[in-house]
Amino acid sequence: MPTTKTRPRPKRTRTKNTSHRPTLALSTLPAQDLDLEPGKEHLVCPDCRRPCPITGLRSPKLVPHDGQHRARRCIGSNRDVLVDVTVEDWRQHLDGAFRDADCRRSRRQFYKPMPGPATPIHRIGRPSADSALAAYRAHRKQCDACTSRGGCVTGTGLVIDYTELQRQERAAQLQAKPMPKRRAAEWAAVTPAVKATAIRRVRHELDATQRQITSKLDRFERARLDNQIGELRETLRRLQ
């Protein structure tokens with residue numbers, strides 16, 4: 001038995017059927033969901049989010065259209081439309097929306113640099129003033145710019161390293177010398193008072209830092225305070 005093909009319903013129909021949904025005002029919709037060009041009037045249906053033409057001049061309404069799953073008609077079919085927006089106002093709002101979108105910038109991306117390779121174990125060593133002096137002498141033999149009156153950038157850096165290492169070694173030697181008995185007795189007498197003062201100072205600073213924690217802080221400020229509190233607690237533990 002041959003099957004008959006149904007004629008597709010035209011998009012711009014003139015029907016007396018009216019949806020029970022409340023009247024849809026165009027002013028409640030975004031400008032990008034409307035198209036009020038003469039002869040092309042349509043909008044994005046709020047129920048199924050699909051473009052739907054507007055039919056009728058005296059009583060405009062949405063034409064019948066399928067829903068999202070295309071299994072049944074959308075509940076917004078034949079819904080009355082209130083045209084309370086002029087074409088000029090719609091074009092002005094649409095141009096403003098496009099202009100605002102063009103002026104927006106994406107948030108700047110900050111990329112953390114990759115850490116460099118670790119120093120091999122066989123190259124880890126404590127430099128000394130003698131090794132720095134030997135390196136400077138070896139460099140001076142090969143460099144023509146290093147003279148008695150001046151030197152190159154590398155030679156100057158080696159001299160600065162030698163001077164700093166020599167100062168550190170002298171300071172370490174002075175600290176290694178035994179303290180005189182009278183000075184040791186004086187220091188032992190004032191050590192408890194100094195320790196108690198340091199503990200009070202750290203406790204006061206810890207309490208003041210803890211009082212700064214409020215709900216108005218962002219995550220970066222809260223992380224900074226938590227780190228500071230952790231350092232103060234570790235200092236207080238060492239002092240006690």
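How exposed is Arg21? Arg21 is partly exposed, with a relative accessible area of 23%. Here, buried means under 20% relative accessible area, exposed means over 50%, and partly exposed lies in between (1.4 Å probe, protein chains only). The model is predicted, so local features need pLDDT of at least 70 and side-chain atom pairs count only at pLDDT 80 or more, while totals for chains, interfaces and linings use all residues. Residues are numbered from 1 along each chain as its sequence is written, and side-chain values use heavy atoms, with hydrogens and water left out.

The chain has five helices and six strands. Helices (H or I, at least four residues) and strands (E, at least two) are DSSP runs, numbered from the N terminus. Along the sequence, the pattern reads β-β-β-β-β-β-α-α-α-α-α. The chain holds 240 residues, and 22% of them are buried.

Side chains of opposite charge can pair when their charged atoms come close. A salt bridge is a side-chain nitrogen of Lys or Arg within 4 Å of a carboxyl oxygen of Asp or Glu. By this rule, there are nine salt bridges. One of them joins Arg21 and Asp47, with the closest N and O atoms 3.1 Å apart. This pair links distant parts of the chain, 26 residues apart. Arg21 sits in the segment before strand E1 (24-25), and Asp47 in the loop between strand E3 (42-44) and strand E4 (51-55). Asp47 is partly exposed, at 26% relative accessibility. Arg21 and Asp47 also belong to a network of salt bridges that includes Arg79.

Another salt bridge is formed by Glu37 and Arg91, whose closest N and O atoms are 2.9 Å apart. Glu37 lies in the loop between strand E2 (34-35) and E3, and Arg91 lies in helix H1, so the pair ties together parts that are 54 residues apart in sequence. Glu37 is partly exposed at 27% relative accessibility. Arg91 is partly exposed as well, with a relative accessible area of 37%.

In helix H5, Glu234 and Arg238 are four residues apart, which means a separation of about one helical turn. Their side chains meet in a salt bridge (4.0 Å, N to O). Glu234 is partly exposed at 33% relative accessibility, whereas Arg238 is exposed, with a relative accessible area of 56%.

Two packed helices are described by the angle between their axes and the distance between the axes. Axes are lines fitted to C-alpha atoms, for helices over the stretch in contact, and angles run from 0 to 180 degrees between N-to-C directions. The axes of H4 and helix H5 (residues 219-239) come within 10 Å and cross at roughly 160 degrees. H4 and H5 are therefore roughly antiparallel to each other, a term for angles over 145 degrees.

Helix H4 (residues 181-211) also holds Val194. Val194 is partly exposed, with a relative accessible area of 44%. Together with Trp187 and Val190, Val194 makes a nonpolar surface patch of about 290 Å². Such patches are made of residues with over 30% relative accessible area and no salt bridge; nonpolar side chains (Val, Leu, Ile, Met, Phe, Trp, Tyr) are joined within 5 Å, and like charges within 9 Å.

Pro127 lies in the loop between helix H1 (87-103) and helix H2 (129-142). Pro127 counts as exposed, at 52% relative accessibility. Pro127 and Asp161 are 34 residues apart in sequence and 9.6 Å apart in space, C-alpha to C-alpha.

Definitions and conventions: Accessible areas come from the Shrake-Rupley method with a 1.4 Å probe; for residues, only the protein chains shown count as cover. Angles under 35 degrees count as roughly parallel, over 145 as roughly antiparallel, 65 to 115 as roughly perpendicular and the rest as oblique.
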